[in-house]
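These are my notebook entries on one protein model. I record what I looked up and how each term was set.

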Amino acid sequence: MSLPHAILTALLEKPSSGLELTRRFDRSIGYFWPSTHQQIYRELGKLVQAGHIRVLPAAQPARGQRKEYEVLPAGREALTAWVSLSEDPRPVRDPLLLRMRAAAVVGAPGLAGELRRHLVLHRKQLAEYLEIEKRDFPPERTTEEDRLRHLVLRGGIDLETFWTGWLTRAIDDLEGSGPGAGAQPPRPDGVSWELPGR
């Protein structure tokens with residue numbers, strides 16, 4: 001995914017000014033594709049130049065008035081073509097996992113505290129997602145658009161559920177209170193966790 005596609009998606013949902021768009025990002029798309037306000041404004045200019053969006057004419061021209069953007073047919077076509085692409089899953093690149101691997105080599109006396117901090121953050125994010133689900137997706141919302149948006153949110157919920165569970169087990173294991181503390185759990189496929197040749 002890229003920021004231009006995220007912006008086209010948001011503007012097709014609702015034409016918006018740059019300020020409105022950044023606020024909507026903060027409340028929705030930004031949860032899984034975070035971007036700064038500067039990046040969004042920069043990309044809006046590029047999309048205008050590419051002929052994918054346009055600035056809507058103002059009812060009464062005024063100095064300093066906010067520009068409102070809408071998607072043009074070329075922008076819709078570009079987004080449709082991108083949605084149809086085949087793309088492989090991206091490998092996980094989480095610095096916390098790499099730091100834990102490094103801690104196995106050099107030690108990390110404060111690692112459990114850092115894991116607890118991450119656990120608090122993931123629990124907070126999970127609670128926020130569950131509140132959004134309760135507010136925005138009651139059982140009667142069954143259109144295809146609602147189902148797709150809900151599935152995206154469910155992906156976030158499931159991911160945060162994974163992290164809270166994994167971090168809880170990791171903290172218990174590091175502090176010696178979990179089952180098999182200090183021992184490496186077997187992989188479900190029976191393969192060793194160690195890389196070949198290590």
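**Entry 1: Arg 149.** I began with Arg 149, which counts as partly exposed at 38% relative accessibility. For this class I used the following cut-offs: buried is under 20% relative accessible area, exposed is over 50%, and partly exposed is in between, with a 1.4 Å probe and protein chains only. I located Arg 149 in helix α7, residues 144–174. Helices are DSSP runs of H or I with at least four residues, strands are runs of E with at least two, and both are numbered from the N terminus.

Which residues does Arg 149 contact, leaving aside its neighbours within four places in sequence? I found Glu 13 and Phe 137, where contact means heavy atoms within 4.5 Å. Arg 149 and Phe 137 are 12 residues apart in sequence, and their C-alpha atoms are 9.1 Å apart in space.

**Entry 2: provenance.** I note that the model is predicted, that local features need pLDDT of at least 70 and side-chain atom pairs pLDDT 80 or more, and that totals for chains, interfaces and linings use all residues. Residues are numbered from 1 along each chain as its sequence is written, and side-chain values use heavy atoms, with hydrogens and water left out.

**Entry 3: the whole chain.** I listed seven helices and three strands in the protein. Their order from the N terminus is α-β-α-α-β-β-α-α-α-α. The protein has 198 residues, and 26% of them count as buried. Among contacts in the protein with a separation of 6 or more, 57% join residues 24 or more positions apart. I recorded an accessible surface of about 14,100 Å², 57% of which belongs to carbon and sulfur atoms. The areas come from the Shrake-Rupley method with a 1.4 Å probe, and for residues only the protein chains shown count as cover.

**Entry 4: α1 and α4.** I then turned to helix pairs. Two packed helices are described by the angle between their axes and the distance between the axes. The axes of α1 and helix α4 (residues 73–83) come within 10 Å and cross at roughly 120°. That makes α1 oblique to α4. Axes are lines fitted to C-alpha atoms, for helices over the stretch in contact, and angles run from 0 to 180 degrees between N-to-C directions. Angles under 35 degrees count as roughly parallel, over 145 as roughly antiparallel, 65 to 115 as roughly perpendicular, and the rest as oblique.

The crossing of α1 over α4 is left-handed; the term applies if the near helix is turned anticlockwise from the far one by less than a right angle, and right-handed applies if clockwise. On the α1 side I listed His 5, Leu 8, Thr 9 and Leu 12, which meet Gly 75, Arg 76, Leu 79 and Trp 82 of α4. By class this contact has four nonpolar, three polar and one charged residues. Ala, Val, Leu, Ile, Met, Phe, Trp, Tyr, Cys and Pro count as nonpolar, Asp, Glu, Lys and Arg as charged, and the others, Gly among them, as polar.

Is His 5 buried or exposed? I found His 5 buried, with a relative accessible area of 17%. His 5 lies in α1, residues 3–13. Beyond its neighbours within four places in sequence, His 5 touches Leu 79 and Trp 82.

**Entry 5: α2 and α3.** Helix α2 (residues 18–27) packs on helix α3 (residues 37–49) at an angle of about 130°, with the axes 10 Å apart. The two are therefore oblique to each other, and their crossing is right-handed. The contact includes Leu 19, Leu 21 and Phe 25 of α2 and Ile 40, Tyr 41 and Leu 44 of α3. I counted six nonpolar, three polar and one charged residues in the contact of α2 with α3.

Also in α2 is Arg 23, partly exposed with a relative accessible area of 45%. Arg 23 and His 37 are 14 residues apart in sequence and 8.8 Å apart in space, C-alpha to C-alpha.

**Entry 6: α5 and α6.** The axes of helix α5 (residues 95–106) and helix α6 (residues 111–136) come within 12 Å and cross at roughly 165°. The pair is therefore roughly antiparallel, and α5 passes α6 in a left-handed crossing. Leu 96, Arg 99, Met 100 and Ala 103 of α5 make the contact with Leu 111, Glu 114, Leu 115 and His 118 of α6. The classes here are five nonpolar, one polar and two charged residues.

Glu 133 counts as buried, at 16% relative accessibility. Leaving aside its neighbours within four places in sequence, Glu 133 is in contact with His 150, Leu 153, Arg 154 and Ile 157.
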